Structure formats: structure tokens, C-alpha cells
Amino acid sequence: MKKTFYSNGKLLLTAEYMVLDGATAIALPTKFGQYLQIEEGKKQTISWKSYDNDSSVWFEDDISFESIIRKEHAGTEAGIKNTLIDILHEANILNPDFLNDANGYTITTTLTFPRLWGLGTSSTLINNIAQWLNIDAYKLLEASFGGSGYDIACAQHNTPILYRLDSDKAPVVTALDFNPDFTGNLYFVYLNHKQSSKSAIMSYYNKQHRIDTMIPKIDAITTAIAATNDLQQFGTLLEKHEILLSDILEMETVKERFFYDFKGILKSLGAWGGDFVLAVSKNNPEEYFKDKGFPVIIPYSEMIL
């Protein structure tokens, strides 16, 4: 019998990087996500096929149960397959029945967004596998990719959320009624500069200083952003957030780096320098960004749940 699971994608509006150290973040589940379909297979093997949103196959291979149990990698050139082996090995530790009680599986994953958009190809997969095997998605993430877990929270929620880690690093998720009148002035712009989450997090830890004093400032901005219904105040808060993170990361803001003449506010989302940024503009900025060579501009209402 075929089983189907689905998880939402994610964007992080505030507290990027600092959410790892306990800051409170506003996280936004997206209308885009990923499906996972499970069917019975054979030969103690998982036959895996992954589709992009345009129906093209971006990964296809067979993975033996034995390689999952032993965590046997297929060679340095088989990066995606090895990543799957790592995830499934950890999943098997959390629920060994999924291999012990099966003859094999045929698994299909299907993205509803282009894979390179950075909306959570990995986190939606991990949450789908966790649903399938009835295991804790946060534990599976921690054992495989690591990270704060905000992306798992987005995968599981259908509204914006406040997200933080408590003193024991356990996730605390609160549904947020974030639907200000100015969402018509918000646009997501794809930079096509995908960043590795692992390398971005490592860079943050190499450069962090004064984090304890910065967390209350980021928390105050997050609280104010969550409450405001004023476009000008929203933009001012985003600019303050950009300046604080720029100081910590010792990096130029995205506006300084690419769009110094933009007549609005720009906010990096997630890993700085890659994927999407948020543009706040009184007028539709499509023509400006297309002229700059960035043709993918998505209104807030078409991106966020």
C-alpha cells in the first residue's frame, strides 16, 4: 500500500545564526514543500528516485539495507547517496523495525519548488522520514545535519511561528498571528547564490563574539516585528537587525553588497549571501531586480502560508 507524506518548506525572518544560541526567531513556513511516497519493494533494497518541481529526476539509485545498517558509503563521488545513507542509518537507530520488518522499499520524493531555492530540501525530507517511521524529527535532524531545528518546526506548522531553543536545547514553538496590513509590500527575491547551512553555521561560530549581549537585542527586535502593523517601523526594525548581524558576521549587508541604490529595505534570510532575501518596497520592485539580473521575485502572499 502506498503511503504519502508532505512537509512545508521554510524561511527565517529574524535571528538567523543566533537562533542556535537561544535567540527567538520568526520563522515562516512556505506554500512550497516536498512529498515522500513509500511503496513496498524487494531484495532488501531501497530503490530511490527524487523529482524536482519540473518533473526532472535529480537523483536515482538503489541503497541496500546492509549499507544503511553498516553506514557504508558509496565513494566520495556519491555525495547525495551517502547523505541518504547517513540519514537512514540514524533513522534505523531510532526505529530499527523499518528495516527488520521489510522486504524492501520503493521511495519517491517530489519537490514543489526548484531544488536550488534553498527552501528546505533536506529538512522537508527529514520531517517526512520522521513521519513515516514515527520518530522524532528533531532528533533525526540533530543526528544527521544538525542546526537549530527551526526548519523542522516550519515543516510541521501551517502558520508563522516564534521559535527558540531552551537552556536544554529543546525546541520551543509558538504559533504566531503574523499577517500585517503591509504584506502587499513584501517580496522575496532569489539571489541564486546557494549557501551551505553547515559551512555558514561554522563561519558564524568562528566569528561570534559578544553573543550574550546581542541576544536580548535580537529578541527585542523579533518581539517588535511580531507585533507591528506599521510598514515604516517594520522596515526600521529590519535595518537594525541587519546592522547587528553585519557586525557579528563581519560581512556587508546584502543591500551594501548588491543593491546599494534600491529604494526600500532589504533583509537577508537564513545564511547570509545566498538563497532568498526579503524586499520591503512601497512599489512593486520587479523591474528593479530584473534589471539587476534577478528575475525570480515572489510576493509574500504567494510564498508564505
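**View 1. Strand 2 (residues 25-40) pairs with strand 6 in the antiparallel sense over three bridges.** Ala 25 has Tyr 163 of strand 6 as its bridge partner. Pairing requires at least two DSSP bridges between two strands. Strands (E, at least two residues) and helices (H or I, at least four) are DSSP runs, numbered from the N terminus. This is a predicted model: local features need pLDDT of at least 70, side-chain atom pairs count only at pLDDT 80 or more, and totals for chains, interfaces and linings use all residues. Residues are numbered from 1 along each chain as its sequence is written, and side-chain values use heavy atoms, leaving out hydrogens and water.

**View 2. Strand 6 and strand 7 (residues 171-175) form a hairpin.** Five bridges join the two strands in the antiparallel sense. Tyr 163 stands opposite Val 173 of strand 7. Five residues lie between the strands. In the turn, Lys 169 has a positive phi of about 65°.

**View 3. Helix 2 (residues 79-94) crosses helix 5 (residues 137-144) at roughly 135°.** Their axes come within 9 Å. Axes are lines fitted to C-alpha atoms over the stretch in contact, with angles from 0 to 180 degrees between N-to-C directions. Helix 2 contributes Ile 87, Glu 90, Ala 91 and Leu 94 to the contact (heavy atoms within 4.5 Å). Helix 5 contributes Lys 139, Leu 140, Ala 143 and Ser 144. The contact residues divide into five nonpolar, one polar and two charged. Here Ala, Val, Leu, Ile, Met, Phe, Trp, Tyr, Cys and Pro count as nonpolar, Asp, Glu, Lys and Arg as charged, and the others, Gly among them, as polar.
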